[in-house]
Amino acid sequence: MEETKGYLMLSTGDILEGVWLGKTTESDGEMVFNTAMTGYQEVMTDPSYAGQIVTMTYPLIGNYGFNAQDKESHTPFIHGLVISTPCETPAHYQATQTLQDIADAYNFPILAQVDTRRLTKIIRQHGDVYGKMTKTPGAVPDKAKVSEKIVEKVSVKQEQFHQAEGPPAAHVAIIDYGYKHSIRDMLLENNCDVTIFPFDTTLEELQKAKVDGVLLSNGPGDPKSLAYLAEEIKRIADFYPTLGICLGHQLLALAFGGNTMRLPYGHRGSNHPVQHLPSGKVSITSQNHGYVVDEASISQSLWNILYSNVNDGSVEGLQHCSKPIMSVQFHPEAHPGPSDTYDVFEQFLNSVRNRGVTAYA
């Protein structure tokens with residue numbers, strides 16, 4: 001097959017060359033990098049990456065193919081994928097598609113044979129970088145920020161009910177800011193009925209649906225773009241046992257008077273160490289975020305800092321001092337990634353099943 005040259009034009013003025021996989025679909029987005037050695041299928045389909053062009057730092061991508069089990073949504077959400085070396089002959093018993101198949105099936109922009117080490121260094125140096133995948137050298141990125149309405153675009157538009165196979169132990173609501181299917185599946189595996197709700201759901205709508213607990217999901221963008229939902233999120237968390245994951249964690253902090261700030265270049269990968277401060281235990285976690293909760297803004301009379309990032313000391317988890325409210329910056333569903341922090345779900349579900357309990361283990 002004849003190769004078609006492509007270009008990645010950066011807002012820094014840098015130009016990187018590569019080769020298109022599939023059609024030459026031009027795309028703009030925020031440039032980020034992910035350090036995981038596996039999980040490219042989950043990354044491509046994770047709504048948290050909406051609006052972004054993702055660089056995989058691991059040099060060989062596609063070696064175990066794509067399957068029907070590991071999708072985090074129905075279609076790719078990222079605006080583009082940049083890789084070094086594509087694998088054309090994947091080997092895995094579940095594989096049904098190759099990287100080339102995905103590019104063709106979804107008309108999805110993938111640029112290969114790019115110097116991803118150089119690109120990652122550029123992102124680390126400049127932090128806030130935007131790019132344009134194009135076949136025309138000299139074109140400049142059209143966008144300079146992720147849309148403030150990106151969550152509205154990825155969230156469900158109406159309630160979606162999923163029934164547990166056995167007798168349900170509880171009915172959990174996921175408020176969808178860009179939720180991963182593996183979070184829903186984790187709840188279903190724990191015999192919970194699950195209803196997915198739109199991002200702007202109210203307390204009254206949750207009460208009408210007779211849910212027992214609420215999970216505020218992960219999602220893309222700047223958490224402050226959803227600051228107008230803070231009052232409603234606080235009402236929900238004050239009424240229900242609540243767990244926030246990633247963006248949900250940040251929104252809980254905002255709802256209770258905290259602040260968030262942008263990281264220099266984010267945490268994205270499956271090897272991020274966090275420490276559980278009450279016990280001192282260190283776990284390896286999967287992460288995907290560009291913003292964090294500002295520790296200085298957290299009220300010590302309301303919150304205990306539950307987890308801290310070992311590398312940079314940033315806040316990785318909060319526990320309310322008197323209510324069954326907990327939040328984590330990492331992904332305890334670990335898909336992809338290690339399952340060290342699975343107990344976060346266990347603690348949340350214990351509080352849901354025993355509604356009224358005000359402390360976590």
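**The sheet and what packs on it**

Reply: In this predicted model, 10 strands make up an open sheet with mixed pairing, and their order is β10-β12-β11-β13-β14-β19-β18-β17-β15-β16.

Me: Which strands stand at the edges?

Reply: Those are β10 (160-162) and β16 (282-293), and each has a single partner strand, so one side of each is left without a neighbour in the sheet.

Me: And by how much are neighbouring strands turned against each other?

Reply: On average the angle between neighbouring strands of this sheet is 20°, with direction ignored.

Me: How do β17 and β18 run, parallel or antiparallel?

Reply: They run antiparallel, with five bridges joining β17, residues 303-309, to β18, residues 315-320. Within that pairing, Ser308 has Val315 of β18 as its bridge partner.

Me: What does helix α8 touch on the sheet?

Reply: Helix α8, which covers residues 247-255, packs on the sheet and touches β13 (213-216), β14 (242-245), β15 (260-276), β16, β17, β18 and β19 (325-328), while its direction makes about 120° with that of β14.

Me: Switching to α5, which of its residues are buried?

Reply: In α5, residues 181-189, the buried ones are His181, Ser182, Ile183, Arg184, Met186 and Leu187. These buried residues pack against the strands β10, β11 (170-175), β12 (192-197), β13 and β14, and also against helix α9 (343-353).

Me: What about the backbone just after α5?

Reply: Asn191 follows there, and this residue takes a positive phi of about 60°.

Me: New topic: how many aromatic pairs does the structure hold?

Reply: It holds six aromatic pairs.

Me: Which residues do ring pairs link into a cluster?

Reply: Tyr40, Tyr64 and Phe66 are linked into a cluster by ring pairs.

Me: Last one, what does UniProt list for residues 4-134?

Reply: The UniProt record, an unreviewed entry, lists residues 4-134 as "domain: Carbamoyl-phosphate synthase small subunit N-terminal". In the model, this span is 18% helix and 31% strand, and its end C-alpha atoms lie 11 Å apart.

Methods:
Residues numbered from 1 in each chain as written. Predicted model: local features only at pLDDT ≥ 70, side-chain atom pairs only at ≥ 80, totals over all residues. Heavy atoms only, no water. UniProt positions renumbered as here; feature names shortened; annotations may be inferred. Helix = DSSP H or I, 4+ residues; strand = E, 2+ residues; numbered from the N terminus. Pairing = 2+ DSSP bridges. Axes fitted to C-alpha atoms, helices over the stretch in contact; angles between N-to-C directions. Contact = heavy atoms within 4.5 Å. Buried < 20%, exposed > 50% of the residue type's maximum accessible area, 1.4 Å probe, protein only. Phe/Tyr/Trp six-rings, centres within 6.5 Å; stacked < 30°, edge-to-face > 60°.
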